[in-house]
Amino acid sequence: MNHIDLIQFIKKQYPKKDNVYLHEPVFNGNEKKYINDAIDSTFVSSVGKYVDKFELDFSKFVNTNKCIAVVNGTSALQVALKLSGVQSGDEVITQSLTFVATANAISYNNATPIFLDVDYDTMGLSPNAVENFLIANCDIIENKCVNKNTKKIISACVPMHTFGFPVRIKELAAICKKWNIPIVEDAAESLGSYYNDQHTGTFGELGVFSFNGNKIITSGGGGAIVSNNNDLSIRAKHLTTTAKIPHPYEYAHDEIGFNYRMPNLNAALLCAQLEMMEIYLNDKRDLANIYSKYFEEKGIVFRKELENTRANYWLMCVEMESKKDRDLFLEDTNKNGVMTRPIWKLMSDLDIYKHCEKDSQENSRKLVDRIVNIPSGFRN
Ligand SMILES: *Cc1c(COP(=O)(O)O)cnc(C)c1O
């Protein structure tokens, strides 16, 4: 297949760029104004009005009771897992097709991931795969889900909304409820994505977001934990701020906490970015429609949001017919100034995680060979 026409078409969407990247951040709102204000106030570090403002604005945006701003998405996941009850020696179900942070956050809690397959259409954790695994391998003993093979407790399940396409979160929640497994949603990629009109990240006990530079909005580095459970939210704030007992001048700490609070300087950037969300989301949706029409005419599958969901189109994807086609596409585009990228390697294929329990991963493997991310950033 000749990709010249396709490369020119993608470049045409970004007329001001010589090289088109996957997802560049854009700062054309109040970013500089708010950052200057934070500097002038001298509150650049871990307390300040922008942190408070962000936490409020964000919980409104995703419609959740509480939001706790932290230093990055990975640490948000680490703490959310701990709060959901994951203890040293436990096991946690997640998908093999994910960014390494999902698995690492499980490891930071001295727990072991179990890598299950994704649905082919959502690219996220498959309710069938989870149910099949639980029925074949687990019992409920004293209200806990126990893996009969390892005798370990499965204390959480972490679905991830791949590239902003929502997983079947309602089905997953129903299955996990039956087995007494709390859900921690890795919504790092799905800010602005909805399942049945409810924002992703708000279905589980806790949800987690990332504001790294390549995400839909950025604080440089940053993350958030959200929850509708007040006790968990209070614990999340406490644990991410060194577990300091509130007092005007005394320093006492009632557990070994983390210094994971988002600095006010980063929150200033993030508040300005959050104001731009609707504009970014609308522009990405327009671009997705343009791509969709073009690729359909070319006979290439462009991934669209599924029924009952609204995707943020964070990273848009095309699906090649074979690994060979994929490799040609990657080579042609990257050589000609259009950045494209294959999906991650499966976690269960990495040396660091290949000892972990897993299922067939049939869909995950097919997707890894075929899916390519194409430039998806805001076109300013
Ligand atoms: C970006 C991302 C994270 C968190 O990343 P940070 O860089 O730590 O903010 C976690 N999980 C997934 C799936 C991600 O894409």
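Which residue in S6 is the bridge partner of threonine 94? Valine 158 is that partner.

The model is predicted: local features need pLDDT of at least 70, side-chain atom pairs count only at pLDDT 80 or more, and totals for chains, interfaces and linings use all residues. Residues are numbered from 1 along each chain as its sequence is written, and side-chain values use heavy atoms, with hydrogens and water left out.

View 1. Helices (H or I, at least four residues) and strands (E, at least two) are DSSP runs, numbered from the N terminus; two strands pair if DSSP finds at least two bridges between them. Strand S2 (residues 91–95) pairs with S6 in the parallel sense over four bridges. Axes are lines fitted to C-alpha atoms, for helices over the stretch in contact, and angles run from 0 to 180 degrees between N-to-C directions.

View 2. Methionine 123 is found in the loop between strand S3 (112–116) and helix H6 (127–137). Its relative accessibility is 0%, so methionine 123 counts as buried (under 20% relative accessible area; exposed is over 50%, partly exposed in between; 1.4 Å probe, protein chains only). Beyond its neighbours within four places in sequence, methionine 123 is in contact (heavy atoms within 4.5 Å) with residues including Gln95, Val118, Phe163, Arg303 and Ile371.

View 3. The open sheet has the order S1-S11-S10-S7 and mixed pairing. Its edge strands, S1 and strand S7 (184–186), each pair on one side only. Neighbouring strands here are turned by 20 degrees against each other on average, direction ignored. S1 and strand S11 (residues 223–227) pair in the antiparallel sense over five bridges, and alanine 69 has alanine 224 as its bridge partner in S11. Helix H3 (residues 49–62) packs on the sheet, touching S1, strand S10 (206–210) and S11, and its direction makes about 130 degrees with that of S1. Cysteine 67 lies in strand S1 (residues 66–70) and is buried, with a relative accessible area of 4%. Cysteine 67 and glutamate 55 are twelve residues apart in sequence and 5.1 Å apart in space, C-alpha to C-alpha.

**View 4. Aspartate 283 in helix H10.** Aspartate 283 is found in helix H10 (residues 277–298) and is buried at a relative accessible area of 12%. Its side chain reaches the backbone nitrogen of arginine 379 at 2.9 Å. Leaving aside neighbours within four places in sequence, aspartate 283 is in contact with Gly377, Phe378 and Arg379.

**View 5. Domain 1 against domain 2.** The protein chain is divided into domain 1 (3–24 + 277–374) and domain 2 (31–275), with bounds from an automatic or database domain assignment. Contacts join 44 residues of domain 1 to 52 residues of domain 2. The area buried between the domains is about 3900 Å², of which carbon and sulfur atoms give 62%; buried area is the accessible area (1.4 Å probe) that two parts lose on being put together, summed over both.

Methods: A polar contact is a pair of N or O atoms within 3.5 Å; within protein, one must be able to donate a hydrogen and the other to accept it, and residues adjacent in sequence count only if both atoms are side-chain atoms.
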